[in-house]
Amino acid sequence: AGQEQGDVVVPTSGGRYDVRLRARQRVAVYWEEEVAEVRRCTWFYKGDKDNKFIPYSESFSEELEEAYMIAVTLGEWKKKLESPNREVIILHNPKLMVHYHPVASSDDWVSTPTEQGRPRTVKRGVENIAVEIPSGEPLQIDHLVFVVHGIGPACDIRFRSIVQCVNDFRNVSLSMLQAHFKKAQEQQQVGRVEFLPVNWHSSLHSTGVDVDLERITLPSINRLRHFINDTILDVFFYNSSTYCQTIVDTVASEMNRLHRLFLQRNPQFRGGVSIAGHSLGSLILFDLLTNQKADPEEDEPCAQGSRTTSSTGGIEEVKEILKELELSEYCDIFEKEKMDRQALFLCTEKNLQEMGIPLGPRMKILHYISSKTEMKVWSPSQHGDGSGDVRNCQYRDVGLGQVSANYPQLNYKPTIFFAFGSPIGMFLTVRGVKRIDPNYSLPTCKGFFNIFHPFDPVAYRIEPMIVPELEFEPMLLPHHKGRKRMHLELKEGLTRMSVDLKNNLLGSLRVAWQSFTRAPVPALEAASTEAEAEAEAGAEKQPGPDTKPEEPPAAVKEETPIINVGRLNGGNRIDYVLQEKPIESFNEYLFALQGHLCYWESEDTVLLVLKEIYQTQGITLDQPLPGSQ
């Protein structure tokens, strides 16, 4: 390849960058980024306050090498060279070469190099330079994850871009793989997961809307107003039909483009694809996923299955409903009409009347249907033209009360959808969705995880919308080192101790009260009272059915009861909460913003993502974490 006339391209950084050797340039493959210079380093300099050697340009390094070889060959040292920016390098001997700073004065009357302060050290070659050259990322890519950002161009508290934040997320994933999937790596079952950023903010703000906003923005508090225009207004843009269409088109087309490009560069890739969204990005992805359509090839076996169930299981389900309504005598009519659950829920009063169902049973059945469908979440694929009562979100012209837009289709079916610090629950509620049907699942994605920090002001839960009648805590994400954080264990220990003290105190008071109120015992019955006392003591230790023992609070219980949260995540839990750091527990408000931006460097978040991705491939952690599902 080095003998070819054309440029030689070498992929680096896991294939995310291409280095053009002849042009000495490094170019980003998947996103827009300024071209970086690449140097072949042979000569270096380092100042007293510098912590690393800095390479000279290749052209000047050639001049230094030529002067050095002449000095070595002829034995003539004390050579002086001037760099392009008028810096002076003196070669005293092979072990002493110095670099003097440029002259501060701009006139021709300059001082001699010895008068210009402390010189820098000049070094030839890379020997004895203390630098760690990374070994690189594993070549094998097991899974691809697209990451969509939230509002604004900055994604963390250091105002870094989505590319930089995803780089951190990827680096943490590599360290988590080495720490928790070591056995699988040794057996070459695990390579790595590739994370690619999806940027939609720049496309939105390149439509000319910024110019229009600037024209109407007041001149006072300029920086704050500019910040609001650049970040907070993205939420309002997404709720506008015009700009919502721009955003969903950009996100879908960008993910499809990245997917095609990735497959072109990795033709051997056979893994799955997942998607992750932060903040508003998670809502964009959720709306896209609810409007995806399953392939007809997949619908056909489903239809076959539905036909069989309609003749057997579907009719049995209708019989159960009729039995619940105490209308079992009409089962034969429904079986004769081949009425399954889906057909039952499509029935009108006229249909039931034509079937010969009397008025009373008709009213019972219609009331049951309306009560079950009133809270049900519908997507466009679940109902036809969407006509009907506009007061219920499921009957609007678009599913889930979304902004009217033409949602594009993705070229792949995501394996899992991860939402970080997500406001999905809040937006669904604002749109009028009171409850999500437990049988509802995303059309093309079977996994959904809602991950949030406990102090994140933007995050909302999903599970209470599926099971509103129960109150239960989200799943606590285990610490990546295999235990709860020390301050949380201490808090739970103190809570448990206070409960024990309360129980002991109540028990002591109960015994004292019984001793005061007990009648005096005759001396002749002393023998029998010993046995009675023992029996009473045993009865006190084992409370009867009327007395309920003091139960520790939910946070103290080690075992979480199994809760059915529907099919949105395949029957598994959806809401996962991170453990706050000790310093964060001192003031929730102080760390609220940090709580919303902490996911990019969170080992616990990354480990859950890796665990769930590799679990779909039958690969588990080396050591199961306590409290994990």
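**Helix packing and aromatic contacts in the predicted model**

Where helices H8 and H9 meet, Ile247, Val248, Val251, Ala252 and Met255 of H8 are in contact with Ile284, Leu285 and Leu288 of H9. The model examined here is a predicted one. Helix H8 spans residues 241–265, and its axis lies 11 Å from that of H9, at a packing angle of about 80 degrees. Angles from 65 to 115 degrees count as roughly perpendicular, and H8 and H9 are therefore roughly perpendicular to each other.

The secondary structure comprises 21 helices and 17 strands. Of the 629 residues, 41% count as buried.

Attention then turns to the aromatic side chains. A pair of aromatic rings is described by the distance of the centres and the angle of the planes. The count for the protein comes to 17 aromatic pairs. In one of them, Phe146 and Tyr412 are tilted, with 5.8 Å from centre to centre and 45 degrees between the planes. Phe146 belongs to strand S11 (residues 141–148), while Tyr412 sits in the loop between helix H15 (359–373) and strand S14 (416–420), so this pair ties together parts that are 266 residues apart in sequence. Both Phe146 and Tyr412 are buried.

Another tilted pair is formed by Phe286 and Phe448, whose ring centres are 6.0 Å apart and whose planes make an angle of 40 degrees. This pair leads back to helix H9 (residues 280–290), which holds Phe286; Phe448 lies in strand S15 (residues 447–452), so the pair ties together parts that are 162 residues apart in sequence. With a relative accessible area of 2%, Phe286 is buried. Phe448 is buried too, at a relative accessible area of 0%.

Aromatic residues also gather in a group: Phe169, Phe195, Phe420, Tyr599 and Trp600 form one aromatic cluster.

The charged end of Arg26 sits over the ring of Tyr17, at 3.8 Å from the ring centre. Lys46, in turn, lies over the face of Phe53, and here the distance to the ring centre is 5.3 Å.

Technical notes:
Residues numbered from 1 in each chain as written. Predicted model: local features only at pLDDT ≥ 70, side-chain atom pairs only at ≥ 80, totals over all residues. Heavy atoms only, no water. Helix = DSSP H or I, 4+ residues; strand = E, 2+ residues; numbered from the N terminus. Buried < 20%, exposed > 50% of the residue type's maximum accessible area, 1.4 Å probe, protein only. Phe/Tyr/Trp six-rings, centres within 6.5 Å; stacked < 30°, edge-to-face > 60°. Lys NZ or Arg CZ within 6 Å of the ring centre and 35° of its normal. Axes fitted to C-alpha atoms, helices over the stretch in contact; angles between N-to-C directions. Parallel < 35°, antiparallel > 145°, perpendicular 65-115°, else oblique. Contact = heavy atoms within 4.5 Å.
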